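Here's a quick briefing to read alongside the sequence and the 3D view.

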Amino acid sequence: MITLNNLHFSYGKKPLFTDLKLDVPSGNIYGLLGMNGAGKTTLLKLIAGQLFRKSGEAQVLGFDPVKRHPAMLSDIFYLPEEFYLPNMSIATYLKLNVPFYPKFDQNAFDRYISEFALDTSQKISDFSYGQKKKFLLSFGLASNTSLLILDEPTNGLDIPSKTQFRRTVASALTEERTFIISTHQVRDMENLIDPIIILHDGVIIFNASLEDVSESIATTLELDEPQGADVIYSEKVPGGYSVVRKDPDGTFDSGVDLETLFNAVIASPNSFKGGVK
Amino acid sequence: MRNILLLLKKQVYEDKKGLIIYASVVFGLILIPNLVMGFFGKLPSSQDDMGYLGLFGNLLFAGGFIMVSITYAQEMYSKVKQHAWLMLPVHAHEKLIAKVIYHAIIYPLVLLIFIFASSVIIEGLNAVLFSSSTPFLDMTDLAVWKMILNYLILQSVFLLGATYFKSANFVKTVLSVMVVSIVLSIILALIARVVYAPYAQVMFHGGISIDETTFIMNTNAMNLLETYEVIGKTIYWALLAPFCLVVSYFRIREVEAKDAV
């Protein structure tokens, strides 16, 4: 679905990506994680054709994103962190925008709007930031595009909406669709995003499914400060230490704590070079 | 074609509020002075239609150029709106053509009908209330259509300015046109000085002085002048607008997220 090869990109003279490689097959909800300024939004914009690479190759849905071919754009929905919605009713917005998305499903849209408890009689410009986001998310999910890009989708959502967000997004995934969710709110995305891509200083330092991760490492909560060669990372948390250990034999029966895993990858990227296989 | 029509529909819906305000202000600006003058018995008893024609010309050129100038700044270079502009599933040329149709064809025609309708209403009111009226705007007047033709050409320059500059597009376009005009004038003056050297007096020592009698009597000089006129008209009527449109197209195609201001 997405293939980036030896991709170079820079803002002015400062290079951000050098020889970036990424392969994203369809049918998953990818979590794109990284610290501020790591290049997450830039990567999403390169994928969507909003920025042009300096060199390298890129294929998104079979198109070169730089060309911004309408057939590619009508199969991508990108919900950015900051957006604008015109002063009009939902019905008018749909009338003006649905014709650009041939796979749009009106019934699914009505269902999502209802799940997010949005008032259809209200003008979209009168919605709060969170409601606007839920409206755009409903539109994006109902558009049935093969690629859905969400940049910080849970920012501005209240707690029940975050739960609803996870439920709705998970239910909308099909084998033909791929969702890429860029976020700092790792806790909001637990049990939703898988595989995980971690971008650090313009380099993808981690790209693996949680299943692969749990086969080779374990994240545990321990009372005492952990010791031993198998400890990749530990941090003090209330009640003890959150620890990431090498666990190729499956000694520890634990799930993967995304936040701890992320911190571990950032703290010692060499331990995870190329992702956990 | 379908995408262009969809874009036009989208543009009209999104601009609807602004256009209604614009039309209301224009109508008010014509109506209120008329009513005031009528109330004090100062309405002109007879007047040619230059009043409405002049108003149409001002709104066509000044209003049209400002509208064209801000159209791209509001979308293509706007930090908040650029995302929707870039992700819209249409070709760059469709975005350009839709804007050109909207600003170069729909705007002048709607404005013409609007000013005509306003003149009919206002002059009707004048006739009923004050027993005095002046002619409506004559839509068949050749001067009206010459204005529209010139507007078609000149708006393409502002379209180029709109796509080239990222902010303050109108002012920057006007300043650029002035600078280009000055530079072209200097170049043309130097060329004229060389080509018409036999007819010109000392140019750099006491100004340009052309011996008109010799100049007009000389067939070669007159032929050259006619040739320049043909070249000038060809550039203006046939080349200027296509050049501006082609450059604008490349600007639209090459705009990136980092161009937003």
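Before we start, one term: a helix here is a DSSP run of H or I at least four residues long, and helices are numbered from the N terminus. With that in hand, helix α1 of chain B (residues 2-39) gives the largest share of a positive patch, 3 residues. Keep in mind that this is a predicted model.

**Chain B overall**
- Chain B has 8 helices and 0 strands.
- Walk along its sequence and you get the pattern α-α-α-α-α-α-α-α.
- Of the 261 residues in chain B, 36% are buried.
- Take the contacts in chain B with a separation of 6 or more: 78% of them link residues 24 or more positions apart.
- Chain B exposes about 14,500 Å², and 73% of that comes from carbon and sulfur atoms.

**The positive patch**
- Which residues gather in the patch of positive charge on the surface? They are K95(A), K123(A), K9(B), K16(B) and K17(B).
- One of them, K16(B), sits in helix α1 of chain B.
- Is K16(B) buried or partly exposed? K16(B) has 44% relative accessibility, so it counts as partly exposed, since that label covers values between 20% and 50%.

**A helix tucked away in chain A**
- Chain A has its own helix α1, covering residues 40-48.
- Why is this helix described as largely enclosed by the rest of the structure? Because 7 of its 9 residues are buried.
- The buried ones in α1(A) are K40(A), T42(A), L43(A), L44(A), L46(A), I47(A) and A48(A).
- Just after α1(A) comes G49(A), which takes a positive phi of about 80°.

- Look for E235(A) in strand β11 of chain A, which runs over residues 231-237.
- E235(A) has a relative accessible area of 19%, so it is buried; the cut-off for that label is under 20%.
- What does E235(A) touch, if you skip its neighbours within four places in sequence? Its contacts are G240(A), Y241(A), S242(A), T260(A) and N263(A).
- Take T260(A) from that list: E235(A) and T260(A) are 25 residues apart in sequence, and their C-alpha atoms are 8.1 Å apart in space.

Note on methods:
Residues are numbered from 1 along each chain as its sequence is written. Chains are lettered from A and ligands numbered from 1 in the order in which they are written. This is a predicted model: local features need pLDDT of at least 70, side-chain atom pairs count only at pLDDT 80 or more; totals for chains, interfaces and linings use all residues. Side-chain values use heavy atoms; hydrogens and water are left out. Helices (H or I, at least four residues) and strands (E, at least two) are DSSP runs, numbered from the N terminus. Buried means under 20% relative accessible area, exposed over 50%, partly exposed in between (1.4 Å probe, protein chains only). Contact means heavy atoms within 4.5 Å. Accessible areas come from the Shrake-Rupley method with a 1.4 Å probe; for residues, only the protein chains shown count as cover. Patches are made of residues with over 30% relative accessible area and no salt bridge: like charges are joined within 9 Å, nonpolar side chains (Val, Leu, Ile, Met, Phe, Trp, Tyr) within 5 Å. A salt bridge is a side-chain nitrogen of Lys or Arg within 4 Å of a carboxyl oxygen of Asp or Glu. Lys and Arg count as positive and Asp and Glu as negative; His and the chain ends are not counted. The place of a charge is taken as NZ of Lys, CZ of Arg, CG of Asp or CD of Glu.
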